[in-house]
Amino acid sequence: RRLGAWGIPCVQAMRHVFVKGADYVAPDFRLGTMMAIDHLVALGHRRIAFIGGAVPVSVTRERRAGFRLALALEDQ
């Protein structure tokens, strides 16, 4: 809020802190995690675990979502 009040442009990188009107740029963590799971499955791995960071952190939420989605797609 302070940066906005001061008129200083700001872009969040890598971790999204939810502030209305704030710009954000980062890799597609969800897609990257899905690609990693696909790669492991293609190598024959069947017991794959997700060990992530703190759930409130945006990066962890995105990676976890990609993990769950990849496993759901594998079950189809």
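Leu-40 lies in helix 2, where helices (H or I, at least four residues) and strands (E, at least two) are DSSP runs numbered from the N terminus. The structure is a predicted model, in which local features need pLDDT of at least 70 and side-chain atom pairs count only at pLDDT 80 or more, while totals for chains, interfaces and linings use all residues. Residues are numbered from 1 along each chain as its sequence is written, and side-chain values use heavy atoms, with hydrogens and water left out.

With a relative accessible area of 29%, Leu-40 is partly exposed; buried means under 20% relative accessible area, exposed over 50%, and partly exposed in between (1.4 Å probe, protein chains only). Contact means heavy atoms within 4.5 Å. When residues up to four places away in sequence are not counted, Leu-40 touches His-45 and Ile-48.

Thr-33 is also found in helix 2.

| Residue | Relative accessibility | Class |
|---|---|---|
| Thr-33 | 13% | buried |
| Ser-58 | 7% | buried |
| Glu-74 | 37% | partly exposed |

With residues up to four places away in sequence not counted, Thr-33 touches Arg-63, Gly-66 and Phe-67. Glu-74 and Asp-38 are 36 residues apart along the chain, and their C-alpha atoms are separated by 8.4 Å.

**Aromatic pair**

A pair of aromatic rings is described by the distance of the centres and the angle of the planes. Rings of Phe, Tyr and Trp (its six-membered ring) pair if their centres lie within 6.5 Å; planes under 30 degrees apart count as stacked, over 60 as edge-to-face and the rest as tilted. A search of the whole structure finds one aromatic pair. The ring centres of Phe-50 and Phe-67 are 5.5 Å apart and their planes stand at 40°, so this pair is tilted. The pair links distant parts of the chain, 17 residues apart: Phe-50 is in the loop between helix 2 (29-42) and helix 3 (58-75), and Phe-67 is in helix 3.

The two partners fall into separate accessibility classes: Phe-50 is partly exposed, at a relative accessible area of 29%, whereas Phe-67 is buried, at 11%. Leaving aside neighbours within four places in sequence, Phe-67 is in contact with Thr-33, Ile-37, Ile-48, Ala-49 and Phe-50.

**Nonpolar core**

A nonpolar core is a set of buried Ala, Val, Leu, Ile, Met, Phe, Trp, Tyr and Cys residues joined through side-chain atoms within 4.5 Å. The largest has six residues, namely Met-34, Ile-37, Val-41, Ile-48, Phe-67 and Ala-70. Helix 2 and helix 3 are the elements that give two or more residues to this core. Helix 2 gives the most, with three residues.

**Largest pocket**

The lining of the largest pocket consists of Arg-1, Leu-3, Gly-4, Ile-8, Cys-10, Gln-12, Val-17, Val-19, Lys-20, Gly-21, Ala-22 and Asp-23. On a 1 Å grid over the protein atoms alone, a pocket is an open set of points where a 1.4 Å probe fits, with protein on both sides within 12 Å along at least five of seven lines; lining residues have an atom within 4 Å of a point. By class, this lining has six nonpolar, three polar and three charged residues, where Ala, Val, Leu, Ile, Met, Phe, Trp, Tyr, Cys and Pro count as nonpolar, Asp, Glu, Lys and Arg as charged, and the others, Gly among them, as polar.
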